[in-house]
Amino acid sequence: MKIPTHKLLTVLSAAIILIFLSIIPSYGAWTGIETDFEGTLTRDPYIAKDTEPAVVWGLSGRYMLQESAGDFLFELHILARLNGSSTPPGTSSTAASSPFRVLDLESTHYNGDRTTLASELDRMSITFEGVSARVTAGRQAVTWGEAFFFNIEDLFGAFPATETNRLHKTGIDAVAVTFSTGPFSELAIVGVPRGDNPGSLGIRYMFPTGKGNLSLVGGKFAQDISAGIGFAGDFSGKIGRA
């Protein structure tokens, strides 16, 4: 009997985390709880003008845990969402369809005409922090580049243009390795294996130049090949990004 790759990776990840939690001291733990509520008033352009506009709302809760032991750091975020709309259908509550996810860590508990209730592990990663390198494996947030709203360098699960709540980025299932190559410079490599589906591999090199930092980004992201250059620095006393 052949076990699906994503199921095997999920079981392996859970086993590693249980072993990690059983051997580390409890005094290094940090925990937090966060709740958010958001709502929008929208009107479907394809329905009659005399109909009532739709009210779309969402309530979410996030439990966060960080545990450290020497050079290792474990991070876990449990996210629960209740989404709804005044008109059917209800809205999706998880990011399970992301091209950067392979672990089966999402669950829909209720999916009605106007509401959905779901939960997921949005973070589940282990990090090793060395002298000149950092390795993170598991579900994590990977953010490249800097921007106030649209980040052209952020190629791994970037925020949608319509997303207003940007406190927590959606986690992806990846192995990320970052090497320190000098003062204020680093080389980052991120790989997202997806079994039989197209995976992703990205490389970013950032180094100081002039009054700012220059970034070179490239790689294969799902089925697309992308490359780019970014710059963040001081423009006549103002911070600029391009």
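The accessible surface of the chain comes to about 14,600 Å². Carbon and sulfur atoms account for 62% of this area. These values come from a predicted model. Of the chain's 242 residues, 34% count as buried.

The chain holds 1 helix and 12 strands. Read from the N terminus, the order of elements is α-β-β-β-β-β-β-β-β-β-β-β-β.

Strand pairing was examined next. Strand 5 covers residues 115-129, and strand 6 covers residues 133-140. The two run antiparallel and are joined by 6 bridges. A hairpin of 3 residues leads from strand 5 to strand 6. Within this pair, S125 stands opposite G138 of strand 6.

Strand 6 also pairs with strand 7, which spans residues 172-182. This pair is antiparallel too, and 8 bridges hold the record of its pairing. Here T136 has A176 in strand 7 as its bridge partner. Strand 6 is therefore joined to strand 5 by 6 bridges and to strand 7 by 8 bridges.

The surface was then searched for nonpolar patches. L59, L82, Y110 and L117 make one of about 340 Å². Y110 lies in strand 4, which runs over residues 106-111. Is Y110 buried, partly exposed or exposed? Its relative accessibility is 49%, so Y110 counts as partly exposed.

S200 counts as buried because its relative accessibility is 6%. The cut-off for buried is under 20%.

Which residues does S200 touch, leaving out those up to four places away in sequence? The partners are F100, F156, V190, G191, V192, K220, F221 and A222. One of them, F100, is 100 residues from S200 along the chain. Even so, the C-alpha atoms of S200 and F100 are separated by 7.5 Å.

Definitions and conventions. Residues are numbered from 1 along each chain as its sequence is written. This is a predicted model: local features need pLDDT of at least 70, side-chain atom pairs count only at pLDDT 80 or more; totals for chains, interfaces and linings use all residues. Side-chain values use heavy atoms; hydrogens and water are left out. Helices (H or I, at least four residues) and strands (E, at least two) are DSSP runs, numbered from the N terminus. Patches are made of residues with over 30% relative accessible area and no salt bridge: like charges are joined within 9 Å, nonpolar side chains (Val, Leu, Ile, Met, Phe, Trp, Tyr) within 5 Å. Accessible areas come from the Shrake-Rupley method with a 1.4 Å probe; for residues, only the protein chains shown count as cover. A salt bridge is a side-chain nitrogen of Lys or Arg within 4 Å of a carboxyl oxygen of Asp or Glu. Buried means under 20% relative accessible area, exposed over 50%, partly exposed in between (1.4 Å probe, protein chains only). Contact means heavy atoms within 4.5 Å.
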